[in-house]
Amino acid sequence: MPGPGTPSVIRIGMHAGPQDLSIDELKKLWQTADGNGFHWVSVWDHFYANPLVDRHNPCFEGVATMSALAALTRNVQVGCLVFCALFRSPGLLAKAAVTIDHLSGGRAQIGIGAGWLEAEFREFGYGFPPLGRRLDQLEEALAIIRSLLRDEETTFRGTYYQLEGAICGPKPVNPELPIWVGGRGKERTPRIAARFADGFNMPYLSPEAVADRLERLEAACEVERREFSEIQSSVNVGFYMGERAPEVDPNGCLTGSAQQAVDRIGAYVESGVQGLNIALRPPVDWQALERFIDDVMPHFES
């Protein structure tokens with residue numbers, strides 16, 4: 001594992017969802033990351049706080065929050081892990097992504113998934129289709145969004161969406177604005193990523209499980225005749241380095257001392273993943289975050 005003076009290569013990011021925090025606290029988090037060498041900051045897309053404890057907990061909307069993130073930062077890549085494909089039409093989401101990319105000067109990246117929190121689906125009027133159907137709809141949405149961002153004109157006739165000569169203008173500042181697919185699944189998720197994605201994000205998995213998913217992604221790329229090296233990869237890990245850390249499953253988390261975090265990230269480096277995002281849950285432990293910035297991040301190069 002890396003020790004003092006032996007930096008390893010992995011991109012460190014921050015995943016800071018828009019829940020149970022004020023806008024001022026979110027702005028402080030984003031700007032802390034932007035000014036301290038983080039590669040990436042992302043929000044997430046829920047109508048209720050995740051995990052769902054009380055539906056009255058405050059939770060801001062994902063597209064608007066990502067727009068604010070883009071406008072208030074200068075250095076980090078700005079993303080969402082992940083937008084739910086069923087909450088918005090793919091055309092609307094593509095237009096939003098382009099707008100955010102222009103706001104950020106070409107730093108936008110978007111993740112898209114099938115959604116999973118049943119309460120928000122049902123209570124906001126989306127029903128809750130079976131997983132297979134949600135994944136089918138995700139595949140159609142990904143094909144449409146990819147075409148809208150990169151092609152002159154988009155015509156698509158699917159089961160869930162139909163577009164006829166749609167033009168997405170302007171195009172992104174970054175003509176290859178990355179599209180991420182995220183999920184923990186072993187089978188269909190890597191296949192979808194191999195078919196449509198520029199990036200593959202794995203939430204809260206151990207280094208061993210990450211290595212397994214990357215092997216599955218590489219096998220899926222062979223089937224799709226894509227180069228495995230074309231797809232970026234990242235993992236989200238829970239951030240519990242503080243003295244007030246709750247009892248958590250250590251798989252998929254950073255816990256304990258700075259050196260324990262360095263060793264744990266070193267194991268992720270060995271798994272082959274390219275990026276690691278610390279996922280912050282409120283209330284933010286600012287002292288633990290400062291210790292991470294000062295004592296952990298210097299061991300790793302992006």
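V237 stands opposite I278 in strand β13. This is a predicted model, in which local features need pLDDT of at least 70, side-chain atom pairs count only at pLDDT 80 or more, and totals for chains, interfaces and linings use all residues. Residues are numbered from 1 along each chain as its sequence is written, and side-chain values use heavy atoms, with hydrogens and water left out. Helices (H or I, at least four residues) and strands (E, at least two) are DSSP runs, numbered from the N terminus.

**Strand β13 and its partners**

- Strand β11 (residues 232-240) pairs with β13 in the parallel sense over 5 bridges; two strands pair if DSSP finds at least two bridges between them.
- Strand β2 (residues 11-15) and β13 also pair in the parallel sense, over 5 bridges, and R11 has G275 as its bridge partner in β13.
- Strand β13 (residues 275-279) is largely enclosed by the rest of the structure, because 5 of its 5 residues are buried. Buried means under 20% relative accessible area, exposed over 50%, and partly exposed in between (1.4 Å probe, protein chains only).
- From β13, G275, N277 and A279 point one way and L276 and I278 the other way, and all are buried.

- I10 lies in the loop between β1 (8-9) and β2, and its relative accessible area of 1% makes it buried.
- Between I10 and V269 there are 6.5 Å in space, C-alpha to C-alpha, although the two are 259 residues apart in sequence.
- Not counting residues up to four places away in sequence, I10 touches residues including I265, Y268, V269, G275, L276 and F300; contact means heavy atoms within 4.5 Å.
- T32 belongs to helix α1 (residues 23-34) and counts as buried at 18% relative accessibility.
- With residues up to four places away in sequence not counted, T32 touches W286, L289 and I293.

**Packing of α7 with α8**

- Two packed helices are described by the angle between their axes and the distance between the axes.
- The axes of helix α7 (residues 207-224) and helix α8 (residues 258-271) come within 9 Å and cross at roughly 15 degrees. That makes α7 roughly parallel to α8.
- Axes are lines fitted to C-alpha atoms, for helices over the stretch in contact, and angles run from 0 to 180 degrees between N-to-C directions. Angles under 35 degrees count as roughly parallel, over 145 as roughly antiparallel, 65 to 115 as roughly perpendicular and the rest as oblique.
- In this contact, P207, V210, A211 and L214 of α7 meet R264, A267, Y268 and S271 of α8. By class, the contact has 6 nonpolar, 1 polar and 1 charged residues. Ala, Val, Leu, Ile, Met, Phe, Trp, Tyr, Cys and Pro count as nonpolar, Asp, Glu, Lys and Arg as charged, and the others, Gly among them, as polar.

**Helix α6 and its packing with α7**

- In helix α6 (residues 188-196), the buried residues are T189, P190, I192, A193, A194 and F196. The buried residues of α6 pack against α5 (131-150), β9 (179-182), β10 (199-203) and α7.
- The axes of α6 and α7 are 8 Å apart, and the two helices pack at an angle of about 50 degrees. That makes α6 oblique to α7.
- P190, R191, A193, A194 and R195 in α6 meet R216, L217, A220, C221 and E224 in α7. By class, the contact of α6 with α7 has 6 nonpolar, no polar and 4 charged residues.
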